There are 2 protein chains.
Amino acid sequence: MPDPSTSAADPLPSWNDGPAKQEILAFIARVTHEGSPDFLPLAERIAVYDNDGTLWPENPMPFQAAFAIDELKRHIHTEPHLASEPMVQAALAGDLGKLLQGEHFDGLMQVLALTHAGMTIDAFRDAVETWLASAKHPRYARPYHQLTYQPMQELLRHLQANGFKNFIVSGGGADFMRVWVERVYGIPPEQVVGSTARTTFELRDSGPVLTKTVDHLFVNDNEGKPVGIHQFIGRRPTVCCGNSDGDHAMLQYTTINNPRPSFGLIVHHTDSEREYAYDAKTKSTGKLVEALKEAPRRGWLIVDMKQDWKVVFQPE
Amino acid sequence: MPDPSTSAADPLPSWNDGPAKQEILAFIARVTHEGSPDFLPLAERIAVYDNDGTLWPENPMPFQAAFAIDELKRHIHTEPHLASEPMVQAALAGDLGKLLQGEHFDGLMQVLALTHAGMTIDAFRDAVETWLASAKHPRYARPYHQLTYQPMQELLRHLQANGFKNFIVSGGGADFMRVWVERVYGIPPEQVVGSTARTTFELRDSGPVLTKTVDHLFVNDNEGKPVGIHQFIGRRPTVCCGNSDGDHAMLQYTTINNPRPSFGLIVHHTDSEREYAYDAKTKSTGKLVEALKEAPRRGWLIVDMKQDWKVVFQPE
């Protein structure tokens, strides 16, 4: 247990005082207090976080979709044959409904494949960096990676300070996220579980080169999240933060019949003034989030963004 | 740089004094000395190790093959229909030539699939634990996981003490290795990159269950190793230890045109008295290891087991 005399008085200053904040602090104190029956050994302090809608917004579209559309606009000049693809037309026309339909954003996946397959990972990283440095969110007029939720930043840093190893477990592309997660969240690339496809390896005159393909696409969403957690991390988490049905299975995997004490948290988007008010819907069915309905029964904490957060975004 | 007054006088006591040991110690000192032009920031201290033939033996067969054959013998009583499979017959007859032929041990993979697909990961873990507790190596008459190379144990612990994050990057199954790597090498499951297939997730009355399948098999060998390193770790290693052509591509990926200082090491099996004397051959072609031939040109250290190691195995 951290010594209160040396740690900051309040590790979660952007959270309003209330039951949500108290519940989080009580859990962390309980599992880090040596001698407590709920003490979690360091090795078992594994925290997983969804990204879109949990650590940063997912409106008006997932930020990686904004990147893909911007990339497409950049590519279309040199590769005009792409323009005949229906999903490319939807993307260029800003038809998000079409682009984000399907259980796994099928149209978006196709656009990503068309624009990124064949790129080396170095070229892809450069493209993400260039985009982050220039693109701005249409509503907040700030670079996308400066729009993380300050209360969640505080939570993940407080968990880290208490010995938890933080992992992003997101439907977003691993290659996309790994470019910036370390400087934005303090989470190293090897602690990012995301959607992936295989690369190919070759030794060129210039050195070793890995090239992106769309083969063996793994979509790290819904039931894919516990599958990805097992494949990449290899043990059950004890803390899981999400916001949508894409996170439902990993909330279940983390908390149901876990022999260790565990904590589930759902960010509920209730604040139309500062952010967006919506119940994240299952992509394929449009149903209201099952995870929200199941939360009381499972003891998952529902964080009410409007009520529980003093501040939404990180300071400029 | 570690303070010599507080660290053990010799971090590699099982290595004979000589050029190999000196080269290892000099590299670590050079990249951890603050102010040195070769200083490696902590985040870039990523070390990858092959397992079979690098950290423990791979004779008379890869240890996981011994496990698979023992498992098969256990299963064959309750599932006699398996006996009609040619590869099962080869395994039961001890026909290693047939079982280990093919670029990726195709026969062995088939046996693994027949015996393990459909098992839950908990049941699989229990099977590995049971095997480790009972099976013994035919030559050394010790449990397999007590046959790690003591000099390599010292090397990986010395690198860890100097801020390196150690990753196993092996053709072995991730599920197989993760059962014991933490207690045997001090390496947590999330730092194991191995061969994998996807699991399926379901919520049963008893709780969440992950079940092994053979779908989307990823064989983490040869060119698959840099591919796996990118997929799981997401950055280039700076230290790479291997012993066979299965490690050739990751040696290249680690060291060729790496903007950071890097170190490649090949364990050369030269000691027929204490271990086995062989040049690991490319599985598909039977060629002598290309990696050994390329080593002088690349500056990879060839460790001569007979000459460089004072002791081979960890103490009983």
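Copies are superposed here by least squares on the C-alpha atoms of residues with pLDDT of at least 70 in both. On this basis, chain B is brought onto chain A by a rotation of 180° with 0.0 Å of shift along the axis, at an RMSD of 0.0 Å. That is the relation of a two-fold axis. The structure is a predicted model, in which local features need pLDDT of at least 70 and side-chain atom pairs count only at pLDDT 80 or more, while totals for chains, interfaces and linings use all residues. Residues are numbered from 1 along each chain as its sequence is written, and chains are lettered from A and ligands numbered from 1 in the order in which they are written.

The interface between the chains was examined next. Two residues are taken to be in contact if their C-beta atoms, placed from the backbone, lie within 7 Å. By this criterion, 32 residues of chain B are in contact with 32 residues of chain A. Helices (H or I, at least four residues) and strands (E, at least two) are DSSP runs, numbered from the N terminus. Two or more residues on the side of chain B that touches chain A are given by each of helix 8 (174-178), strand 4 (199-204), strand 5 (207-212), helix 10 and helix 11 (248-255) of chain B. Helix 10 of chain B provides the largest share of that side, 5 residues. The residues on this side of chain B comprise 17 nonpolar, 10 polar and 5 charged, where Ala, Val, Leu, Ile, Met, Phe, Trp, Tyr, Cys and Pro count as nonpolar, Asp, Glu, Lys and Arg as charged, and the others, Gly among them, as polar. Of the interface residues of chain B, 100% are also interface residues in chain A, so the copies meet through the same surface.

Contacts between them involve 21 residues of domain 1 of chain A and 18 residues of domain 2 of chain A. On the side of domain 1 of chain A that touches domain 2 of chain A, strand 2 (165-173), helix 8 (174-178) and strand 5 (207-212) of chain A each supply at least two residues. The largest share of that side, 4 residues, comes from strand 5 of chain A. By class, the residues on this side of domain 1 of chain A are 10 nonpolar, 7 polar and 4 charged.

In chain B, helix 10 and helix 11 pack at an angle of about 55°, with their axes 7 Å apart; axes are lines fitted to C-alpha atoms, for helices over the stretch in contact, and angles run from 0 to 180 degrees between N-to-C directions. B:Lys225, B:Pro226 and B:Ile229 of helix 10 meet B:Ala249, B:Met250 and B:Tyr253 of helix 11.

B:Thr238 lies in the loop between helix 10 (224-232) and strand 6 (239-242) of chain B. With 21 other C-beta atoms within 10 Å, B:Thr238 is buried (20 or more other C-beta atoms within 10 Å of its own; exposed if 12 or fewer, partly exposed in between; C-beta atoms are placed from the backbone). Not counting residues up to four places away in sequence, B:Thr238 touches residues including B:Leu40, B:Glu44, B:Thr254 and B:Phe263. The C-alpha atoms of B:Thr238 and B:Glu44 are separated by 7.0 Å, although these residues are 194 residues apart along the chain.
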